[in-house]
Amino acid sequence: MPFSEIFLVVGSLLVIFMILSLIRAVLGPTIPDRVVALDTINTLVVASMVALGAGYKEVIYIDVAIVYAILSFIATLYIAKYLEGGI
Amino acid sequence: MITIPELGQITILIVIICTAYAAIKFKDLLAAVISLAIMSLLLSLEFYILQAPDVAIAEAAIGAGLTTAIYIIAIRGTMRREEE
């Protein structure tokens, strides 16, 4: 097995572990449980994108992960401000 | 013999279908919006794996950021519980 394929396996395993957070997002009794599950899946997606970018040997794929990490917290921010009481 | 990257891609597709179904079925509209956000970001990851990073950037910007914010503003303007 070449060394770069290890990163593909790592990224795919991060995707598979996402199922555990998904169970909490679907079953979670309160809204903050679902928000924390959404944030965990965001972090796992960013880590998976970086690992897969290393596996594909493309530098431009890391930029996608950077843009995604900048933009992904906006949803969590809006939901948190809605739960607090004012947007 | 199925390899681990193929298993990861199958997992992404199954989770996309599950979250889309949950977004339809939830009566609490805030939970439905969160489920739709999860579906959108996993769709972005699927575009990424299919070697289309520009589409993935657009999907991440519009789907994960803008759509959720607009839905939250709409829920705040109307009501949170869906009525039968």
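This is a predicted model: local features need pLDDT of at least 70, side-chain atom pairs count only at pLDDT 80 or more; totals for chains, interfaces and linings use all residues.

Tutor: Residues are numbered from 1 along each chain as its sequence is written, chains are lettered from A and ligands numbered from 1 in the order in which they are written, and side-chain values use heavy atoms, with hydrogens and water left out.

Student: What makes Phe3(A) and Phe7(A) an edge-to-face pair?

Tutor: The search over all chains gives three aromatic pairs. In the pair of Phe3(A) and Phe7(A) the ring centres are 5.8 Å apart and the planes stand at 85°, so the label is edge-to-face. Rings of Phe, Tyr and Trp (its six-membered ring) pair if their centres lie within 6.5 Å; planes under 30 degrees apart are stacked, over 60 edge-to-face, and the rest tilted.

Student: Why is Phe3(A) called exposed?

Tutor: Because its relative accessible area is 61%, and exposed means over 50%, buried under 20% and partly exposed in between (1.4 Å probe, protein chains only). Phe7(A), at 31%, is partly exposed.

Student: How do you know that the pair of Tyr61(A) and Tyr48(B) joins two chains?

Tutor: The pair is tilted, with 5.0 Å from centre to centre and 50° between the planes. Tyr61(A) lies in helix H3 (residues 60-71) of chain A and Tyr48(B) in helix H2 (residues 29-49) of chain B, so two chains are joined. Helices (H or I, at least four residues) and strands (E, at least two) are DSSP runs, numbered from the N terminus.

Student: Why is H2(A) called roughly antiparallel to H3(A)?

Tutor: The axes of H2 (residues 31-56) of chain A and H3(A) come within 8 Å and cross at roughly 170°. That makes the two helices roughly antiparallel, because the term covers angles over 145 degrees, with under 35 roughly parallel, 65 to 115 roughly perpendicular and the rest oblique. Axes are lines fitted to C-alpha atoms, for helices over the stretch in contact, and angles run from 0 to 180 degrees between N-to-C directions.

Student: What makes Ser35(B) buried?

Tutor: Ser35(B), in helix H2 of chain B, has a relative accessible area of 5%, so the label is buried. Not counting residues up to four places away in sequence, Ser35(B) touches Thr19(B), Ala22(B), Ala23(B) and Phe26(B), where contact means heavy atoms within 4.5 Å.
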